[in-house]
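Subject: Handing over a structure

Hello,

Here is the structure I promised to pass on. Please have a look at it first, and then read my notes below.

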Amino acid sequence: MTNTIESKAHPGRTARTDNWWANPLMVAVGFGVFIAYATFRTFENNYFEVDQYLSPFYSPKLAFDWWHFSPAILILWIPAGFRATCYYYRKAYYRAYFMTPPGCAVMGTSGTGYSGETKFPFILQNMHRYFFYCAALVLLVLWYDAIISFRAPDGRFTVSLLSLFMCLNCYLLSGYTFGCHAWRHLCGGAVSCFSKTEQQKAQFRIWHFVTKLNEHHQGWAWASLFSVGLTDLYIRSVAAKIIPPGVLF
Amino acid sequence: MRKAKLKVYRGTADAGEFKDYEVQVEEGMVVLDAIHAIQAKDSPDLAVRWNCKAAKCGSCSAEVNGMPSLMCKTRMDRFEEGEEIRVAPIKTFPIIKDLVTDVSWNYEVNKKIKGFSPAPDDKEWIIHQEDIDRVQEFRKCIECFLCQNVCHVLRDHDRKDAFMGPRFLVRTAGLEMHPKDTANRMQYLKDEGHIGMCNITKCCTEVCPEDIHITDNAIIPLKERVVDEFYDPLGKVIKKIMGTDKKGW
C-alpha cells in the first residue's frame, strides 16, 4: 500500500482553518503552572501545617528519623502517578507536550518509529489501576483531614472557610478518583453480562453510576487539580500569617 | 442567493492540484450537494464516492477545510460568506482519483478479527437490554473510516503494518462485550492489533459522525481488559483465588 503522507492533496502539517492550537496551548500552560507550583511547594518543606489544618500536598504526614528531605516527596508520587497515567491526562499531555498529535488532522511528530504505549516508558501507563488503589487510600486520609479540621486545637467544634474549602477539595477529588476509567472497568466494566446474578446486577448499578461520573472525567480532573492547588495555597497563606482561616463560628 | 468558492482536489496522489469552482448556495445545501453541482455544471468527470446522502452509508468521507467529515453532513451555511471551502480526499488511504480513495486495507484488517462465537450448546437467547446497550452503540458504526483516517498512528506514522485502528477496536469491543460471545481476543489485541499503539488522544471520537464514544466506551475498556490479562499480576491472583470468570453468562 502506498504511503500517502507526502500526497499533493495534503501539503503541510494541516489544512485546518480553525484555532486548533488554542486547546493544547491552554493545557500546556495550565499543567505548566500547576507543576511549577507543586514542585516549589514540595521542596519548600514549610508552611504546610497550621493548627488543625494540614496541606493535601503533605498528607498523610509521614515523619521518619531516616528521612531528611521534604515529607511531601514520600506522598506526592501517588497522586502524581495517578494523574500521569490517567486516561484523560494522557490525552491532554500527549497532545500538548508530545505532539502526538497536537490536534486532530494536524501532523505533529511523524515517521514509522512510533510505538505508542507498547514500549518502555509508556508501557507503564498500564499500571494506572495500581495508582488508583493508592490514590483512593490517600483520598480517605484527605477526607479524615477535612473532617478533623472542624475541631479546634482546644477541642471545640468550629467552622471555617478553610475547612469548607478542604471539604470541597475532597468532594472534587472523589468525583475525579471514582470516575476513573480503571475503576469503571474494575467495578463492572469487565463483565460481559449484567443481568444473570444478584452480584452482576449490583455491579451494573455501580458501573452505571461510575459511568455517569466518567462522562465528565475531564471536568473533574481540572476542577480537582485546581482545588488541590488552591487548598494548599490557602493553608500556606494561613500558616505564613498572610490571611486568616476565615473562622465563621 | 450567495455563491460559495470551493477548492476541490483533482488528480491522483502523484499528480494533482486544487481547482477552483463557484457554486450557487441554496437553502439546506451540504458540501456533497455542492460537489454534485460541480459535477453537473463544470466537471462531469469529478470522481466522488457517495450513496445515501443521509449520513448512513459512510461513503462520502472527505476533508473539508482540513477536518475529516462526511460531505453529506457538512452544511454549507456553516461557512462565512466569501470563505474558501477546501475539499480534499481523506489522507490516510491511497487516492484513486479526485475525492475517491482505496480503503480496501480496512477490509483485510477486519478479516483477521475472530468473529462472533457463541457457545455451540447455548439455547437460551433472551438478552436483557442492559447487557446489550454497550454493544448497540458500537453497531451504529457506518464504516465511513473517518476514525481510521484521523488516527495519527495510521495517518502520520503510517503504521498500517502494526495497528488495526479505532474502527476495528470498536468492532472487537462489540464482540468482546457481547453477553453470548465466548471467544478471547486479548492476545490478538495485544500482539497483532497492537492496541498499545493507541495513545487515546480521542480524535477518532471527535470525528465520528455517529457520535460513538470510541475512546471511552470501546478502546479504553479493551485496554483495561488487556491489562487484566497481561499487566495485572495481583488481579490475576485474586481472580484465581475467587474463581471468577467474567466472560459470558
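A helix here is a DSSP run of H or I with at least four residues, and a strand is a run of E with at least two, both numbered from the N terminus.

Some housekeeping. This is a predicted model, in which local features need pLDDT of at least 70 and side-chain atom pairs count only at pLDDT 80 or more, while totals for chains, interfaces and linings use all residues. Residues are numbered from 1 along each chain as its sequence is written, with chains lettered from A and ligands numbered from 1 in the order in which they are written.

On confidence, the model has an ipTM of 0.94 and a pTM of 0.94. The average pLDDT (the predictor's confidence in each residue, from 0 to 100) is 94 for chain B, where 97% of the residues score at least 70.

Back to helix 3 of chain A, residues 87–98. Its buried residues (20 or more other C-beta atoms within 10 Å of their own, with C-beta atoms placed from the backbone) are A:Y87, A:Y88, A:R90, A:A92, A:Y94 and A:R95. They pack against helix 1, helix 6 and helix 8 of chain A, and also against helix 9 (214–230) of chain B.

That brings us to the interface: 46 residues of chain A are in contact (C-beta atoms, placed from the backbone, within 7 Å) with 56 residues of chain B. On the chain A side, helix 3, helix 6 and helix 7 each supply at least two residues. Helix 3 gives the largest share, 5 residues.

Chain B has an open sheet of 5 strands in the order 2-1-5-3-4, with mixed pairing (two strands pair if DSSP finds at least two bridges between them). Strand 2 (16–24) and strand 4 (67–70) of chain B each have a single partner strand, so one side of each lacks a neighbour in the sheet. Strand 3 (residues 61–64) and strand 4 of chain B run antiparallel and are joined by 4 bridges; B:A62 stands opposite B:S69 in strand 4.

Finally, is B:I241 buried or exposed? B:I241, in helix 10 (residues 233–242) of chain B, is exposed (12 or fewer such atoms), because 8 other C-beta atoms lie within 10 Å.

Best wishes

Notes:
Contact = placed C-beta atoms within 7 Å.
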